[in-house]
Amino acid sequence: MTPTERIWHNGRFIAWDDAKIHVLSHVVSYGSSVFEGLRCYETLSGPAIFRLREHTRRLLDSAKIYRIPVDYTLDQLAEAQIELVRLNKLRSCYIRPIILRGYGGVGVLPANNPTEVFLACWEWGKYLGDEALGHGVDVCISSWNRIAPNTLPTLAKAGANYMNSQLIRMEAHHNGYAEGIALDSEGRISEGSGENIFVVRDGKIHTPPLGSSVLPGITRDTVVTLAQDLGIPLVETVIPREMLYIADEVFFTGTAAEVTPIRSIDKIQIGSGRRGPITERLQKAFFELVEGRTPDKFGWLTPVPEPVGAK
């Protein structure tokens, strides 16, 4: 990670190295944080943040689910992210908003713990590797299930939830895979450690419903919309594990992963063992849109005023 100049903290911009919390902050012991991940793309018309309002809305939804009070509105946080990218003079970057419970009471009950809000950004490449988008990745079914209903709320993008994601990703990495796919508590396909999943069979796309312990991904929603726009049939449905092995194509989506094909699962080749035609069509539509090479008919790009000296 290459540090940038500024991070936004509780309404003001501070130096990167000054963005610190106390070791006894509530979040350290109890994982009481919610966060987001956004990308700002370099388009033909300059930098633009992809689906800024949708990500910011989900951030505030996550805080509401976990009963974390936030004093900033969606509009205020959105404008702060635009200004953050502008001040740091970045043409493309990853943006990480974080809302956390800070230093105060030390018990599980968050009594007298102030809410801290941070917005950071930095340059970040392809999450699963530079070749992943074209050639695909090798993944496995994880031995760790996704969070069961009525335990931790999966509609919230919360730090504590990602302890489960870490177990999935670390196990996959240790066993030589790029990523793991988790099953839900009923043994059906859920999602990756940080990605939603889509399965193609006989020209139709299937993706697990939110009831399968799935985070409502913004890129997931993007692909659903693009598929509809391209006339590709898509259905949200529970997916049994074995359907992955006989799929024609499987791919991940996410802010970090974007649209990444999967070439094998549990060492079983998926389709032709390379990016399939439907995945390629969706990738093409996605990148043409986020890079400003096609009209933004969905209103998903928020331009960032470009300061003199931007790199």
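Are phenylalanine 35 and tyrosine 162 buried or exposed? Both phenylalanine 35 and tyrosine 162 are buried, where buried means under 20% relative accessible area, exposed over 50% and partly exposed in between (1.4 Å probe, protein chains only). The structure is a predicted model, in which local features need pLDDT of at least 70, side-chain atom pairs count only at pLDDT 80 or more, and totals for chains, interfaces and linings use all residues. Residues are numbered from 1 along each chain as its sequence is written, and side-chain values use heavy atoms, with hydrogens and water left out.

**Figure 1. Overview of the protein chain.** The protein chain contains 8 helices and 17 strands; helices (H or I, at least four residues) and strands (E, at least two) are DSSP runs, numbered from the N terminus. Of its 311 residues, 50% count as buried. Among contacts with a separation of 6 or more, 71% come from residues 24 or more positions apart, a contact being heavy atoms within 4.5 Å. Along the principal axes, the C-alpha atoms fill a box of roughly 55 × 50 × 30 Å.

**Figure 2. The aromatic pair of phenylalanine 35 and tyrosine 162.** Rings of Phe, Tyr and Trp (its six-membered ring) pair if their centres lie within 6.5 Å; planes under 30 degrees apart count as stacked, over 60 as edge-to-face and the rest as tilted. The count by this rule is 12 aromatic pairs. Phenylalanine 35 and tyrosine 162 form an edge-to-face pair, 5.0 Å centre to centre with 65 degrees between the planes. Because phenylalanine 35 lies in strand β3 (residues 33–35) and tyrosine 162 in helix α5 (residues 162–174), the pair ties together parts that are 127 residues apart in sequence.

**Figure 3. The aromatic pair of phenylalanine 198 and phenylalanine 251.** The ring centres of phenylalanine 198 and phenylalanine 251 are 5.1 Å apart and the planes are at 5 degrees, so the pair is stacked. Phenylalanine 198 belongs to strand β11 (residues 196–201) and phenylalanine 251 to strand β14 (residues 249–254), so this pair ties together parts that are 53 residues apart in sequence. Phenylalanine 198 and phenylalanine 251 are buried.

**Figure 4. An aromatic cluster.** Tyr41, Phe50, Phe286, Phe287, Phe298 and Trp300 are linked into a cluster by ring pairs.

Figure 5. Most residues other than glycine have a negative phi. Asparagine 10, in the loop between β1 (6–9) and β2 (12–15), has a phi near 50 degrees and is partly exposed, with a relative accessible area of 29%. Glutamate 258, in strand β15 (residues 258–265), has a phi near 60 degrees and counts as buried at 1% relative accessibility.
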